[in-house]
Amino acid sequence: MDEDVLTTLKILIIGESGVGKSSLLLRFTDDTFDPELADTAGQERFRTLTPSYYRGAQGVILVYDVTRRDTFVRLDNWLNELETYCTRNDIVKMLVGNKIDKENREVDRNEGLKFARKHSMLFIESSAKTRDGVQCAFEELVEKIIQTPGLWESESQNSKLRLSDSPDARGGGSCGGYCSML
């Protein structure tokens, strides 16, 4: 008898304040978007939680805002922090350039792709506002975690993780041309 086993994965979402980390998560989990969403977890008073936040993570989504070059420039700082506190060296990393729905782009898609390749990361551009790339970002990250031996398996070798492949309200599982598997 082959029963489905629910496996919990720890996935971090990191990046500068205001890049849309919470909005990406809300769009993926609840299919909602709140332009007035306040950012609290990234505030300085939460920095003491950093080591426990990173511990045991299997995947990380590193987010920057394509309309703010400063958020792209500071990606190296986030990668250094990840390296410092992460307890796994096989963690799966995805770079997400968010807010592609906005007109005033400051970071070209190719710059993001080049950075991602340099640091062996998956890459996608997204918009939490319009849904573009959001579903795909999370699905590709989980898919890569599943494909990485020893990263998510429990003691039981027969455990399975199942992703729904049925189209739904969050975009039908279509990457819309935004995904780049590296």
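I began with the strands: S1 and S2 (residues 59-65) pair in the parallel sense, over five bridges. Pairing here needs at least two DSSP bridges between the strands. Strands are DSSP E runs of at least two residues, helices H or I runs of at least four, numbered from the N terminus. Gly59 in S2 is the bridge partner of Ile11. I then checked cover on S1 (residues 11-15): four of its five residues are buried. Buried means under 20% relative accessible area (1.4 Å probe, protein chains only).

The model is predicted: local features need pLDDT of at least 70, side-chain atom pairs count only at pLDDT 80 or more, and totals for chains, interfaces and linings use all residues. Residues are numbered from 1 along each chain as its sequence is written, and side-chain values use heavy atoms, with hydrogens and water left out.

Next I took the helices. The axes of H1 (residues 21-30) and H6 (residues 134-147) come within 9 Å and cross at roughly 85°. Axes are lines fitted to C-alpha atoms over the stretch in contact, with angles from 0 to 180 degrees between N-to-C directions. H1 and H6 are therefore roughly perpendicular (65 to 115 degrees). Leu24, Leu25, Arg27 and Phe28 of H1 meet Val134, Gln135 and Phe138 of H6; contact means heavy atoms within 4.5 Å.

Last, I looked up Asn98, which lies in strand S3 (residues 92-98). Asn98 counts as buried, at 2% relative accessibility. Its side chain makes a polar contact with the side chain of Ser126 at 3.0 Å. Such a contact is a pair of N or O atoms within 3.5 Å; within protein, one must be able to donate a hydrogen and the other to accept it, and residues adjacent in sequence count only if both atoms are side-chain atoms. Not counting residues up to four places away in sequence, Asn98 touches residues including Leu24, Val63 and Ala128.

Terms used. Buried means under 20% relative accessible area, exposed over 50%, partly exposed in between (1.4 Å probe, protein chains only). Angles under 35 degrees count as roughly parallel, over 145 as roughly antiparallel, 65 to 115 as roughly perpendicular and the rest as oblique.
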